[in-house]
Amino acid sequence: MDVSTGPGGGAPLAAFLRARRNRVRPEQHRLAAGAQRQVPGLRRDEVALLAGISTDYYVRLEQGRERRPSPTVVEGLSRALLLDAVAARYLRELSVADSVADSVAGGEAPRMSTERLAAVHQLLGSLPVPALLVNRWLDIVGSNPLGDRLHEGLEPRDNYARLVFLAPGAPSFFTEWPELARCMVAALRAQTGSGTASPRLTRLVAELSAKSDVFRTAWRQHHLYEKAMDHKRLRHPRIGTLALDQHVLELPGSGGHRIWAFHPADEATSDALLGLTGTASR
């Protein structure tokens with residue numbers, strides 16, 4: 001499966017527009033719903049009217065025959081499709097993703113310099129809570145000992161999306177696995193706008209789509225999600241149920257790398273993590 005194709009296939013921008021148009025209800029724009037509508041969301045001519053462009057031009061966008069809308073058109077489409085800040089940024093990235101610069105930048109998984117990576121690994125090691133370093137494709141680039149121990153027993157552990165969808169024990173380990181799975185797909189999708197040409201990302205999406213019906217269905221829906229903080233409940237095989245606040249720490253100038261730090265949300269979890277601390281230090 002191509003990185004950004006939707007239910008009807010086609011170019012990334014075209015697939016995104018089709019998916020998001022189907023999610024907007026006419027009444028959200030005070031348009032008459034009508035009993036004879038042929039589509040679940042807005043019609044193409046309605047999107048064009050709301051965006052201030054011609055129907056013919058919008059049709060070309062959805063068919064992939066036009067791939068580089070102007071900033072003014074992108075702004076109009078964002079209003080018409082009721083996009084939030086994350087989705088509007090994603091649309092802007094898709095509108096320029098065919099440029100040479102973006103294709104080169106998205107060619108493979110983003111990397112940090114050797115010196116920067118070494119410094120971040122030192123930082124991870126100094127943190128008193130489980131922590132991971134992930135890139136924009138959710139590859140697990142590094143972790144501290146507690147981060148390793150927190151996810152012990154789950155394989156594969158090279159990529160967090162692969163861990164969630166392909167590790168046999170994941171649905172029992174993550175007590176709210178269905179919601180986590182949806183958020184994981186949306187978080188990965190949100191990072192792909194300017195990297196749709198990445199062979200690494202294409203391989204990852206193809207693998208997960210082939211092996212997980214849940215991933216394949218969710219990927220085609222074009223949901224987007226970015227988080228700064230989340231709450232997770234885990235059922236660790238050795239130390240029991242854990243309640244954790246996940247903090248996402250941006251690393252500016254790192255090509256999209258982030259630190260995920262898992263802080264205990266209650267005293268019971270704090271006490272339970274002492275069991276991992278003792279194991280990790282040996």
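Reader: At what angle do the axes of helix α1 (residues 12–21) and helix α5 (residues 85–96) cross?
Author: The axes of these helices (DSSP runs of H or I, at least four residues, numbered from the N terminus) come within 9 Å. This is a predicted model, so local features need pLDDT of at least 70 and side-chain atom pairs 80 or more, while totals for chains, interfaces and linings use all residues. Residues count from 1 along each chain as its sequence is written, and side-chain values use heavy atoms, without hydrogens or water. With axes fitted to C-alpha atoms over the stretch in contact, and angles running from 0 to 180 degrees between N-to-C directions, α1 and α5 cross at roughly 150°.

Reader: Which residues of α5 make the contact with α1?
Author: Contact here means heavy atoms within 4.5 Å. From α1 come Pro12, Leu13, Phe16, Leu17 and Arg20. Facing them, α5 brings Ala87, Tyr90, Leu91 and Leu94.

Reader: How many bridges pair strand β4 (residues 240–250) with β5?
Author: Strands pair if DSSP finds at least two bridges between them. Aspartate 245 stands opposite histidine 263 in β5. β4 and β5 pair in the antiparallel sense, and the bridge count is seven.

Note on methods:
Helices (H or I, at least four residues) and strands (E, at least two) are DSSP runs, numbered from the N terminus.
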